[in-house]
Amino acid sequence: MQSYTRSIRYALLASVGVLAACDNNELQTAPSVPVSSFLAPELALELSNASATPGERIAISIANSSSALIGGVQGDLHFNPSQLRFRGQVRNADSHELMIVNDADASSGRLRVAILDPANLKHSSPLVFDVIGQGYASSISFEPEEVVTNRPTIKVIDAKVARGFVVNSGLQAPAGADRMSIGDWYDALGERDASREPGRIVNGLKYGDTDGNGVISLSDALYIVNVSIGGNEMIIGTDGTGPQGNQDAVVAGNVFPFNIDSAGGAPLPLNLGEPGDLTPPGRDANGGRSLSLADALAITNESISAFQPIVGDIIPGRPTTPVTARTIVTGDITANTTWTPSTIYELSGIIRVTNGATLTIQAGTRIEGQRPVGTTGGSYLAIARDGVINAQGTPLEPIIMTCTLNAGEPPRIKGCWGGLSVLGNASVNETGTLTSPVITGRATAGGCREAAAEGGAGLYGGCNDNDNSGIMRYVRLEYPGFRFNAENELNGLALYGVGRATTVEFVQVHAGLDDAVEMFGGTVNLKYLYLTATSDDAFDFTFGWNGKTQFIVAQHDANDSDNGFENDNATTNFNSLPRATPEVWNVTLVGQRNNRVGVSESQNRGLLIRRGARPRYFNFHVEGFTTALTIANVETCAVDATGDLELLNFTFALNQTLGTVVAGCPSLASIGTVLAVSPLLSPLSVIVPDFRPSLSLAVIGGVPPTDGFFDVTATYIGGVAPATANKSNAPWYSGWTRGWQNSTTP
């Protein structure tokens, strides 16, 4: 099977002249890169009448004037709105054609049109206009954005576009033409869809079944077409309107390209998208995910039994039969161990990985910690500083760590298990004693600071800043973090003296009772953190953490969340070394100020930087807090050889106050800009939030460093790339993370 790629497909323009200039042999071809041996399609505009008078109606059709087999066309139809007024479309009930029209810009003379016809498009159904002015024919043009072939396989290709237009007197412009809404199409197809959430794990869910009703139908394709032209957003639930509810475009609907390997090169087997494959379907050559006409065409083909690769296959991690096998895990893990998705692993008590052992957790595995009784008992997982974790989930099969839900027990709540603690051999300041040991393969020198981790997990810290505690990728930690007492608390993900060779990326911590993520010293780097509904701080560090981080989204609970960022160098001697000078880029922090009226500053800040910490923060968006930013303690803003505090390219929106800074700190005005409105599409939704900035409100930020860790293309402010014009691009967190019921029920 050949490897599929997307072609360069823009800037094709059908320049329509007067009738006398029409010549089907005159063809205009935009510069393009040949990608196919298929016959190049030739598109033409057909008019029912080129010289109708005001008060009459005309019809326009987009035609395939060649012998090439075309399954779909998408683009913009332009006209002069002072000469033509769009009335609606005529639907041929006997064909498989779907023609979706986004007429939001009709008053400006533009229609966004997407046409699907798996049987081969020859003439689109008519678009009907009222004639209100003379000379309209010379104003009509069509600008294709995407043309998709359907035989022998789906492929996006370039097209030739005929100059001028063709008069087709057989086109009808009936008075009954209607502007068909997306709801009208669902009614015409006799289908309505169920509420969905992107990436929801439902047993037996198939690619192409966007509404989760068990049937792949034209309704599913219709939804994807509408997304591709901007008629509905890809991250559903943001506009709150329409009959489509919360369908899943991100995973179930994003099926094409079928087959791109991780390097964009050699072909892969037909089973791409199944367990063990390198890259799920729907990822473009640049690694992004977006919806297009090709996705809809693949689903349409499957709906009429023109079977496609991927479409109709069970999505990995969604077996037809739910996993019920359960293994109780007790005591230390002292030998290499593998946990698989065929079993649920129930943690009883403290589970430590130690003695040089590696715990491998396969993609899609579910781990459940037993609940505490009051402040005793309970369970959590700890990776000792001589242990290793290898937890590599995927976007389709995240590893899920949560607490048990047995018969007779209350629902899962914050703090119903203890979360994940990782202990390493990297440097810490102030705490503990200079007694770290030599550990074979992990720490070749001893005598550096070590201290006891909270919750009794063991000792952490050492002399090896390049220590490697393993890999955590696509992991969801839910309801973690119980408290033994006010000074002894377990977080969602606690990283104690973890070294920079450790990989932590694509991690969600949801509904933690204490902090979502906290670093206790160390040098660990982190990327792609999604932190929701925590009771305390979202991102916390102390004891001299010196790592790098990029792409964080934190969404607070309206009831009990504290700070977005809480940053300390140390707890007693604020000038302890090594000083905390981490570098962090591209962060979105969202509070719930409107739901927390009267909450004091100390309980609801976007960022609290204090106690001698001097981080370097860039491209931050801070929204909806009682106080946006507080900088405390003179040691924090002092200038010396140990590093300077640097904050740049911030935006602030809808915070009650900007905050306060101590003498010698950067002024708030020099840090960033205050916006009158939120630039984010739907930041307060908790079921299916959308943290993408609107394209029109996106703010340009700085350029991240070229050091091999940071993504230098993220030159925008915030933790998520802006939405495209059609809002058909998926943000990095969508499809593998979870939402929550509402602001009071996690």
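**Notes on the predicted chain**

1. Now the inside. The chain has 746 residues, and 58% of them count as buried. On secondary structure, you'll find 5 helices and 46 strands. As for contacts between residues at least 6 apart in sequence, 73% of them join residues at least 24 apart.

2. Two of the helices are worth a look together. Helix H2 covers residues 218–228 and helix H3 covers residues 293–303; they pack with their axes 8 Å apart, at an angle of about 170°. Angles over 145 degrees count as roughly antiparallel, so that is how H2 and H3 run relative to each other.

3. Who makes that helix contact? From H2 come Leu218, Asp220, Ala221, Ile224, Val225 and Ser228, while H3 brings Leu293, Asp295, Ala296, Ile299, Thr300 and Ser303. Sorted by class, the contact of H2 with H3 has 7 nonpolar, 3 polar and 2 charged residues.

4. Look in the loop between strand S24 (420–423) and strand S25 (433–434). Is Ser427 buried or exposed? Ser427 has a relative accessible area of 17%, so it is buried, the cut-off for that being under 20%.

5. Ser427 also has partners from elsewhere in the sequence. Setting aside neighbours within four places, Ser427 is in contact with Gly462, Asp465, Gly521, Gly522 and Pro578. With one of these, Asp465, the Ser427 side chain forms a side-chain to side-chain polar contact of 2.9 Å.

How values were computed. Residues are numbered from 1 along each chain as its sequence is written. This is a predicted model: local features need pLDDT of at least 70, side-chain atom pairs count only at pLDDT 80 or more; totals for chains, interfaces and linings use all residues. Side-chain values use heavy atoms; hydrogens and water are left out. Helices (H or I, at least four residues) and strands (E, at least two) are DSSP runs, numbered from the N terminus. Buried means under 20% relative accessible area, exposed over 50%, partly exposed in between (1.4 Å probe, protein chains only). A polar contact is a pair of N or O atoms within 3.5 Å; within protein, one must be able to donate a hydrogen and the other to accept it, and residues adjacent in sequence count only if both atoms are side-chain atoms. Contact means heavy atoms within 4.5 Å. Axes are lines fitted to C-alpha atoms, for helices over the stretch in contact, and angles run from 0 to 180 degrees between N-to-C directions. Angles under 35 degrees count as roughly parallel, over 145 as roughly antiparallel, 65 to 115 as roughly perpendicular and the rest as oblique. Ala, Val, Leu, Ile, Met, Phe, Trp, Tyr, Cys and Pro count as nonpolar, Asp, Glu, Lys and Arg as charged, and the others, Gly among them, as polar.
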